[in-house]
Amino acid sequence: MINLADIQYHVVAVDEKGRRHNIRDYIKDLGWEENERELSSRLSFTVQNDRTSKGYLSGIIKPGCLILVSAADGGSLNQEVARGYVNIWNPSLQNSGRELKCVCYDELYSLQKSQENLYFSSGTGTRSAVTGILNAWGLPLRKYEGPDVAHGKLKFNNRYLSDILLELLDDAVKKGGKKCILRAAEGKVEITPRGSNRNVYIFKADNIKSVSESRSTDSLVTRVTVTGQADDEGKTGVEATLDGLTRYGIRQRIYVRGSDETLEAAKSAAQEILNEDGTIKKELTLQSPDVPVIRRGDRIELEAGLTKGGFYVKSVRHDADSCSMTMNLEKTEREKVKAGTSETEKGHNVGDVVNFRGGTHYISSYPGARGYAAGAGPAKITKKNGSGKAHPWHLIHTDSSSNVYGWVDDGTFD
């Protein structure tokens with residue numbers, strides 16, 4: 001358990017010759033952040049640019065210099081929590097003295113600033129595509145626990161590599177893969193399932209500063225249209241239309257069916273878009289004492305008045321000077337199911353014919369079972385309360401509009 005009252009931050013600058021310099025006593029405004037849909041973390045600080053026995057600190061801390069931030073509490077905590085290479089180097093001279101402002105990014109920043117033309121043939125797996133990009137850019141892989149589904153033919157022209165990687169991971173989710181986070185840790189890349197952190201921290205009303213909730217329809221998608229490939233004249237035809245919360249108006253997203261993708265698979269992918277973006281976004285902002293090891297993608301537990309349950313960290317900002325942090329959160333899938341009425345509460349039983357919303361069906365009810373994409377449509381409940389419990393309902397489609405034939409999650413049918 002971390003002792004928040006005893007946390008100390010240590011900052012080291014590694015110069016061009018590999019020598020380490022302890023600069024913690026010279027800096028202020030130290031903070032680092034990880035934002036949603038960005039691969040690289042951002043580290044910033046201001047240096048009191050004093051003259052030392054080795055010269056001014058601006059002569060030690062130069063563009064490209066590696067900065068390492070670690071945290072320790074005198075007990076169980078003693079680890080690196082952030083790092084970055086100086087990207088913005090801004091020395092200044094004022095009446096109050098010399099200062100040096102720096103902004104640093106980690107190893108993944110090159111992917112956010114580099115464009116590439118890439119082609120992946122049909123059947124290429126997620127892991128092969130992702131690790132191929134990382135290898136090409138000399139980024140060592142620490143661990144890969146991400147999805148490995150077969151993708152259709154994919155072509156990227158003049159796209160930023162960070163966008164390509166995120167699109168590959170998003171496409172894997174549409175095809176039944178688990179949602180994962182790609183990030184750097186101690187100079188290496190890791191792809192891990194969202195919420196897979198070993199230590200889950202609990203925040204209660206007496207140890208937080210504030211919590212606020214907002215709801216927005218700004219990014220709401222209410223209709224997904226599936227189109228085919230363009231013909232020789234550039235025309236495309238509508239092959240399917242899936243509607244969601246159209247009472248908020250028509251906000252359409254287009255999904256282009258791949259040349260080697262079946263219509264049912266395309267409809268399943270379109271349904272995944274509605275599942276992800278077809279709900280009103282609820283976001284919580286939590287301010288609390290700093291837990292420096294918490295990162296984007298981690299899961300936390302919150303118990304603050306009426307706001308309770310599990311949440312994913314969408315973005316986080318750590319402020320070392322005030323020993324505080326700010327997190328933007330979203331509910332975990334478990335809490336999203338709790339918020340609605342479960343199939344058990346609706347009284348569904350074996351033999352009932354229900355409307356499967358589309359998504360993933362699994363080969364067993366146990367956690368970690370292999371899953372496959374399944375299209376929406378009517379299906380019969382053939383088993384319930386599977387012994388594995390993770391996917392408690394077994395459905396079999398009743399007509400050709402759906403291909404569901406396996407175990408599914410609570411909350412996936414009406």
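These legends describe an overall view and several close-ups of one predicted model.

The model is predicted, so local features need pLDDT of at least 70 and side-chain atom pairs pLDDT 80 or more, while totals for chains, interfaces and linings use all residues. Residues are numbered from 1 along each chain as its sequence is written, and side-chain values use heavy atoms, with hydrogens and water left out.

**View 1. The whole chain.**
The chain holds 7 helices and 29 strands. Both are DSSP runs, numbered from the N terminus: helices are H or I with at least four residues, strands are E with at least two. The C-alpha trace spans about 80 × 55 × 40 Å along its principal axes. Of the 414 residues, 47% count as buried. Buried means under 20% relative accessible area, exposed over 50%, and partly exposed in between, with a 1.4 Å probe and protein chains only. The accessible surface comes to about 20,700 Å², and carbon and sulfur atoms supply 45% of that. These areas come from the Shrake-Rupley method with a 1.4 Å probe; for residues, only the protein chains shown count as cover. Contacts (heavy atoms within 4.5 Å) between residues at least 6 apart in sequence join residues at least 24 apart in 62% of cases.

**View 2. Strand β22 and its partners.**
Two strands pair if DSSP finds at least two bridges between them. β22 runs antiparallel to β3 (residues 27-34), with 4 bridges. There, Glu 34 stands opposite Val 316. β21 (residues 299-304) is also antiparallel to β22, through 6 bridges. Ala 304 faces Thr 307 in that pairing. A further 8 bridges tie β22 to β23 (residues 324-331), again antiparallel. Tyr 312 has Glu 330 of β23 as its bridge partner.

**View 3. The β22-β23 hairpin.**
4 residues lie between β22 and β23 in this hairpin. Cys 323 sits in the turn with a positive phi of about 50°.

**View 4. Lys 314 in β22.**
Is Lys 314 buried or exposed? Lys 314 is buried, because its relative accessible area is 16%. The residue lies in strand β22. Not counting residues up to four places away in sequence, Lys 314 touches Asn 35, Glu 36, Glu 283, Arg 296, Asn 328, Leu 329 and Glu 330.

**View 5**
β14 (residues 188-193) is largely enclosed by the rest of the structure, because 5 of its 6 residues are buried. β11 (residues 141-144) pairs with β14 in the parallel sense over 3 bridges. Tyr 144 stands opposite Ile 191 here. β13 (residues 180-185) pairs with β14 in the antiparallel sense, over 6 bridges. Ala 185 has Lys 188 of β14 as its bridge partner. The hairpin of β13 and β14 has 2 residues between the strands, and Glu 186 takes a positive phi near 55°.

**View 6. The nonpolar cores.**
A nonpolar core is a set of buried Ala, Val, Leu, Ile, Met, Phe, Trp, Tyr and Cys residues joined through side-chain atoms within 4.5 Å. The largest has 43 residues. Leu 30, Ile 61, Ile 67, Phe 203, Ile 300 and Met 327 touch the most other members. Leu 30 has contacts that include Tyr 9, Val 11, Leu 43, Phe 45, Val 69 and His 318. A second, separate core of 23 residues includes Leu 134, Leu 154, Leu 161 and Leu 182.
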